[in-house]
Amino acid sequence: QVQLVESGGGLVQAGGSLRLSCAASGSIFSINAMGWYRQAPGKQRELVAAITSGGSTNYADSVKGRFTISRDSAKNTMYLQMDSLKPEDTALYYCNLRLRRSKSDFISYWGQGTQVTVSS
């Protein structure tokens, strides 16, 4: 069993910053990638940023240059530094962990979500 606990969400004014954390615990055997997703009311869940076990990162175009994803492997913790926040960044942010069970078999886990609200 794997548990993901997110923290760091909150209310911030436009132009401000927040740092999200996602701590993973439990039966973590082989991390393939970790990522942050978000879902705004009435919209589909979308990928915000992801980081692989090798350290490669990718970002949604809407957050490039403003958000930075990082990971502390020793602590099995992932971070999302969000700067220059905009009202359109308002959403419920979810942590995702993808583990490799075999060469072509993966399993994903999700956190409970942390709310980010950016006021104009």
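A salt bridge, as the term is used here, is a side-chain nitrogen of Lys or Arg lying within 4 Å of a carboxyl oxygen of Asp or Glu. By that criterion, a search of the whole structure, which is a predicted model, finds 5 salt bridges.

Four strands make up an open sheet whose order is 1-3-8-7, with antiparallel pairing. Strand 1 (2–7) and strand 7 (67–72) are the edge strands, each of them pairing on one side only, and the twist from one strand to the next averages 15°. Within this sheet, strand 8 (residues 77–82) is joined to strand 7 by 6 bridges, the two running antiparallel, while strand 3 and strand 8 likewise pair in the antiparallel sense over 6 bridges. Strand 8 is largely enclosed by the rest of the structure, because 5 of its 6 residues are buried.

Strand 7 and strand 8 form a hairpin with 4 residues between the strands, and in this hairpin Asn 76 takes a positive phi near 50°. On the strand 8 side, Asp 72 has Thr 77 as its bridge partner, and Arg 71 has Met 78.

A polar atom of the Thr 77 side chain lies 3.0 Å from the backbone oxygen of Lys 75. Beyond the neighbours within four places in sequence, Thr 77 is in contact with Cys 22, Ala 23, Ser 70, Arg 71 and Asp 72.

The largest nonpolar core has 29 residues, of which Trp 36, Leu 80, Met 82 and Tyr 93 touch the most other members. At least two residues of this core are supplied by each of several strands, among them strand 1, strand 3 (18–26), strand 4 (31–39), strand 5 (46–52) and strand 11 (114–119). The largest share, 5 residues, comes from strand 9.

Side chains of opposite charge can pair when their charged atoms come close. Arg 38 forms a salt bridge with Glu 46, their closest N and O atoms being 2.7 Å apart; Arg 38 counts as buried at 6% relative accessibility, whereas Glu 46, with a relative accessible area of 35%, is partly exposed. Asp 89 forms a salt bridge with Arg 66, where the closest N and O atoms are 2.8 Å apart. This pair links distant parts of the chain, 23 residues apart: Asp 89 is in the loop between strand 8 and strand 9 (91–102), and Arg 66 is in the loop between strand 6 (57–59) and strand 7. Both Asp 89 and Arg 66 are buried. The residues of these two pairs, Arg 38, Glu 46, Arg 66 and Asp 89, are linked in a network of salt bridges.

A further salt bridge brings together the side chains of Asp 105 and Arg 101, at 3.1 Å from N to O. Here Asp 105 is partly exposed, with a relative accessible area of 28%, and Arg 101, at 48% relative accessibility, also counts as partly exposed.

Methods. Residues are numbered from 1 along each chain as its sequence is written. This is a predicted model: local features need pLDDT of at least 70, side-chain atom pairs count only at pLDDT 80 or more; totals for chains, interfaces and linings use all residues. Side-chain values use heavy atoms; hydrogens and water are left out. Two strands pair if DSSP finds at least two bridges between them. Axes are lines fitted to C-alpha atoms, for helices over the stretch in contact, and angles run from 0 to 180 degrees between N-to-C directions. Buried means under 20% relative accessible area, exposed over 50%, partly exposed in between (1.4 Å probe, protein chains only). A polar contact is a pair of N or O atoms within 3.5 Å; within protein, one must be able to donate a hydrogen and the other to accept it, and residues adjacent in sequence count only if both atoms are side-chain atoms. Contact means heavy atoms within 4.5 Å. A nonpolar core is a set of buried Ala, Val, Leu, Ile, Met, Phe, Trp, Tyr and Cys residues joined through side-chain atoms within 4.5 Å.
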